[in-house]
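The following report describes selected local features of one protein model.

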Amino acid sequence: MLTKFESKSARVKGLSFHSKRPWILASLHSGIIQLWDYRMKTLIDKFDEHDGPVRGIHFHNAQPLFVSGGDDYKIKVWNYKTRKCLFTLLGHLDYIRTTFFHHEYPWIISASDDQTIRIWNWQSRQCVCVMTGHNHYVMCAQFHPTDDLVVSASLDQTVRVWDISGLRKKNVYSSPDTIQSQIQRTTGTPDLFGQADAIVKHVLEGHDRGVNWATFHPTLPLIVTAADDRVVKLWRMNENKAWEVDTCRGHYNNVSCVIFHARQDLILSNGEDKSIRVWDMTKRVAINTFRRENDRFWILTIHPTLNLFAAGHDNGMIVFKLERERPVYAVVGNLVYYVKEKYLRRLEITTSKDVPLMQLRSGPRAPYYSMSYNPAENAILLTTRVPAQPDTSIYDLYTIPKDAGESASAAQNPDAPEGRRSSGLNAVWVARNRFAVLDKNHVILIKNNKNEITKKIQLANCDETFYAGTDNKFKLTTCFLSRTANRFRATQTVLATVRIGKAKYAIWSNDMNYLSLLAKHQLVICNRKLEQLCIIQENVPVKSGAWDDSGVFIYTTSNHIKYALVNGDHGIIRTLDLPIYITKIKGNSVFCLDREVRTRLLNIDPTEYKFKLALINRKYDEVLHMVRTAKLVGQSIIAYLQKKGYPEVALHFVKDEKTRFGLALECGNIDIALEAARALDDKRCWEKLAEVALLQGNHQIVEMSYQRTKNFDKLAFLYLITGNLEKLRKMMKIAEVRKDVSGQFQIAMLLGDVEERVKLLRQCNQKSLAYVMAATHGLDEQAEQLKESLDEKIPEVNPNAELILPPCPISQQESNWPLLAVSKGFFQDVTIKGNQPTTTTTSLSSTITTKLAANAHIDETGTSGGDWADDEVQVELDEDDMNRENLNTDQDEQGEGWGDTAIELPPDLEAAGVSGGTGDEEDASGYFVAPTKGQSVPQAWTQNSKLPVDHILSGSFESAMRLLHDQVGIVSFDEYKQLFLQIYSRSRIAFTALPSLPSLYSYPLRNWREAHSPKLFYPAVGLKLEELVGRLQIAYRLTTNGKFQEGVEKFRSILLSVPLLVVDSRQDILESQQLIEICKEYIVGLQLSMAKKDLAKDDEKRSCELAAYFTHLQLQPIHKIMTLKLALNQAFKLKNYKTATSFAKRLLELGPTPDVAQQVFIFIFHYFI
């Protein structure tokens, strides 16, 4: 039995698979209905409206409905899309055992302990038929898959088969109906001479005790039943009678449920003997038994279309398969050899020719496990492995006939050549005339073509063997231990080793340079020397894979086709409805086999992984071609390009202006950022653009940005440092219009305009300051006027004061500063060339100047009321400014923005410089490709580790939250915010180099002794188990002192910190788990105590009840004594002496102090002795 999913819950009494989605419904004895996704192993929803256990549950095969029946005598029909109960059917008078939908009609059948079977019309919501006849509980009732029959099982030791054709004729419209029958149906008049709605067709008697289950075979006229007499009986029926075929004995307790296998001649049953048994329907013998230690089984169901089963037991359910469904195949060039229905077949991929080659011998009742093909000898090795019985595992050696599949007669009736058979867990070819066998003792045997042993290789704990290529002298094989993969010669010389989880499959690339190792939830890619290149974790099982010609590994999971590059980049190509097994990748085509061993051809879009591969290999021409022709969209591609340091590539296909703006700033492309900022016209975008442009020295764009954001202070300072005093004076006038006295005074200081400052101080009624300023700066006339207006004491003027004026700019800087040298990569260079027209264009400075052309002069602004005062001010340029900027523009067009800086070289050097390249004109205008940005230490942490705390220390909070969700199931991270910040704050050390320089950072490592490369970097973790133990002691003291609220917070902080621990030993793991249990118990207990305190006056009984609950938590002895004393006092006050005595006895068992023990003895003696 291969367990695919297992859940933990209350006792499961009913199960039902969805026909199309990977869902299963489980009805519990606790009254809850659970909806699970068994493929993703997650609980999707819960439905809780029944009062009491729910036993019957069933999905509708076409509608988004399911039906349930419980011990509250109610049948409920639910819509799982709206998550609501649509209606309730009432009529049964006792527990409802089973409920099933009809496969075609709008009917529901229900069986009940009221000894009746009812059929309901769920569209009209009425009961259309009541079938009576059983004289005990009816445990089960089901419709026939195709005929108008019903089978029911009862504790009266009988099974009844009912004919409901009369009900169908009465309630279901069909075209041959006569007018009389239609009138009868609409009027409701009974047919006096017709047949009844349901009649008993057969009564099956043979069980000695009550029958628990009965079901029809999906295609044959068979019925199987299970009863409390511990046997399973098989019955056959025809139109006239039904009789017992045989009895299957083996259960040693009540048999709860039994079903037919839909595709094989098998019967499955389970019971209260804690076992699931598989019976051969033809021989009526048990062929497999699966047991659980402590759980009795109650229900068994089969998937409508897949080979999946589910069984419900006392503590949950399991979803399982009986055997592997993976087809065995071997790929050699364009040929695929595979086994289907006991025939070896060959598929030619190029011509799609599929022919049978030969018939295979029958072996154990188990599917083939693996196949190995030898093209030199045209021979195959087929292994059959029984997981539960390794001693019965065998392999067969076949030589394929030379003319197999060539002639038409041979293709129709292939021969069945004799093969050599021997025992072994696995067999694989390692040379032309040698193959390796892993025997039951896990020893590798090297055998020749005659199946004779030539050598033995003893290795400890060897689990699997795979082919590992060849070298010049020796043949190689690969042995996978439990956690290690070794590649060695036939001389037993180990060549390389890599650590990995239990590998299931090994797939080599076409050139034998790369190896992919597939585990259940893990993919590891290595080179030929078994050096690990990358490791990829999956949440769902990895099924198969193949290498394409470009060196990309394409693999499948249960849900998707995915790709993986050798550097670790991976992604999804397409979604799958059902699992497939890849045999060959050819261009855009995926050749594969499904679980029915049917050859399939799927088309995929390789654009994404080919784009990434070209980017990694620096094939920029190919990348550019794909950018221009392919449809690359999605945030994942943009994020990938940003992560890899290619934001300029994303600019080619991103249409969203906000995203383009961010990418342009990241790659330093001011032109595109300016276009995006104009389109967005957002204040924050202009501020960011100004910051980046200022760093590059492009003060013209800075000026425009400050104008758009109306940042007058920064704009005035920009005019000052560029020496543009004329615009600075205009800014002063604008400040006057805006009535910004402070800004006007500041600009006047920057300009050295004393008269303007005196005027401003006088207007602000600061006459004393105005007098001092005028007198100090030699403005005698104004000083005298101010002196006359001063009524108070005239301030003294320092006779030694000196006039200080701001330095005058040497020259006005109209053009940009020498721009910061930003090296343009290949893609930026292509973008610039692509955007250049055929004629000569103006430079960026002239473009910006044109964009900032004046619409109105400053004088007009002042006379028109001033838009600047209304926060709509625009800084404009007059004609002189325009002429000056046009002059600079002309200079830029001539390439003389830096002046005449050309260096005159001697003729010989000049000639050498011109002919230094290949001589092409394109080389003369070549581009410089900046080196790829290196990987930071925190990025290495995230790639090397799957521990959430390591991702937090690297600052990758999003991936840390995703890991915590996947590993622990955390969905709300509000309480983790402060903890994340605290952990991140200790991830690095800052060193101050010089006072004027920013700090230098160092990243401490916990494995600094072994960290020889970034692939081995792991961060130092400050949080250790000993620290949490110390915090636990503090929480204990808070609890002892009665500070419950603080104690709860302390315990909760410890609980939140446990998933962020890094443990090294099994002992640490156990202590961490114990810490979780302690925190859980104390948090619940302290919250109970606080709730009890709030209820002490209003509801004393409830308070006493909470105190009693508090005593049953697993606390430390000192706290246990305190809880028992508290509960004893409350029970005593309520005169509940019996409960108080139980508390007193438990208190004495804990060994309290003598004073407490004496008080308890007095209490017991006084009231009960």
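The structure is a predicted model, in which local features need pLDDT of at least 70 and side-chain atom pairs count only at pLDDT 80 or more, while totals for chains, interfaces and linings use all residues. Residues are numbered from 1 along each chain as its sequence is written, and side-chain values use heavy atoms, with hydrogens and water left out.

**Helix H4**

Helices (H or I, at least four residues) and strands (E, at least two) are DSSP runs, numbered from the N terminus. Helix H4 spans residues 607–616 and is mostly covered, with seven of its 10 residues buried. Here buried means under 20% relative accessible area, exposed over 50%, and partly exposed in between (1.4 Å probe, protein chains only). The buried set of H4 consists of Thr607, Tyr609, Phe611, Lys612, Leu613, Ala614 and Leu615.

**Nonpolar cores**

A nonpolar core is a set of buried Ala, Val, Leu, Ile, Met, Phe, Trp, Tyr and Cys residues joined through side-chain atoms within 4.5 Å. The largest such core comprises 73 residues, and those with the most contacts inside it are Ile24, Ile109, Ile119, Met131, Ile164, Ile267 and Phe320. Another core, of 40 residues, lies apart from it and includes Leu964, Leu1025, Leu1028 and Phe1110.

**Salt bridges**

Side chains of opposite charge can pair when their charged atoms come close. With a salt bridge taken as a side-chain nitrogen of Lys or Arg within 4 Å of a carboxyl oxygen of Asp or Glu, the count comes to 31. Three of these pairs are listed below.

| Pair | Closest N and O atoms |
|---|---|
| Lys233 and Glu244 | 2.9 Å |
| Arg738 and Asp740 | 3.5 Å |
| Glu1027 and Arg1031 | 3.9 Å |

The salt bridge between Lys233 and Glu244 links distant parts of the chain: Lys233 belongs to strand S20 (residues 231–237) and Glu244 to strand S21 (residues 242–249), 11 residues apart. Lys233 counts as buried because its relative accessibility is 6%, whereas Glu244 is partly exposed because its relative accessible area is 33%. Arg738 is partly exposed, with a relative accessible area of 24%, and Asp740 is also partly exposed, with a value of 24%.

Glu1027 and Arg1031 both belong to helix H28 (residues 1025–1040), four residues apart, or about one turn of the helix. An α-helix has 3.6 residues a turn, so residues three or four places apart point the same way. Glu1027 is partly exposed at a relative accessible area of 38%, while Arg1031, at 17% relative accessibility, counts as buried. Elsewhere, Glu6, Lys8, Arg292 and Asp295 are linked in a network of salt bridges.

**Aromatic groups and ring contacts**

Rings of Phe, Tyr and Trp (its six-membered ring) pair if their centres lie within 6.5 Å; planes under 30 degrees apart count as stacked, over 60 as edge-to-face and the rest as tilted. The structure holds 28 aromatic pairs. Trp23 and Tyr80 form an edge-to-face pair, 5.3 Å centre to centre with 85° between the planes. This pair links distant parts of the chain, with Trp23 in strand S3 (residues 23–28) and Tyr80 in the loop between strand S8 (74–79) and strand S9 (84–90), 57 residues apart. Both Trp23 and Tyr80 are buried.

The rings of Tyr395 and Phe435 are edge-to-face because their centres lie 5.9 Å apart and their planes stand at 70°. Tyr395 is in strand S35 (residues 394–399) and Phe435 in strand S38 (residues 434–438), so the pair ties together parts that are 40 residues apart in sequence. Both residues, Tyr395 and Phe435, are buried.

Asn451 is placed in the loop between strand S39 (443–448) and strand S40 (453–458). Leaving aside neighbours within four places in sequence, Asn451 is in contact with Tyr395, Arg420, Arg421, Ser422 and Phe435.

Trp23, Phe47, Phe59, Phe66, Trp78 and Tyr80 form one aromatic cluster.

Terms used: Contact means heavy atoms within 4.5 Å.
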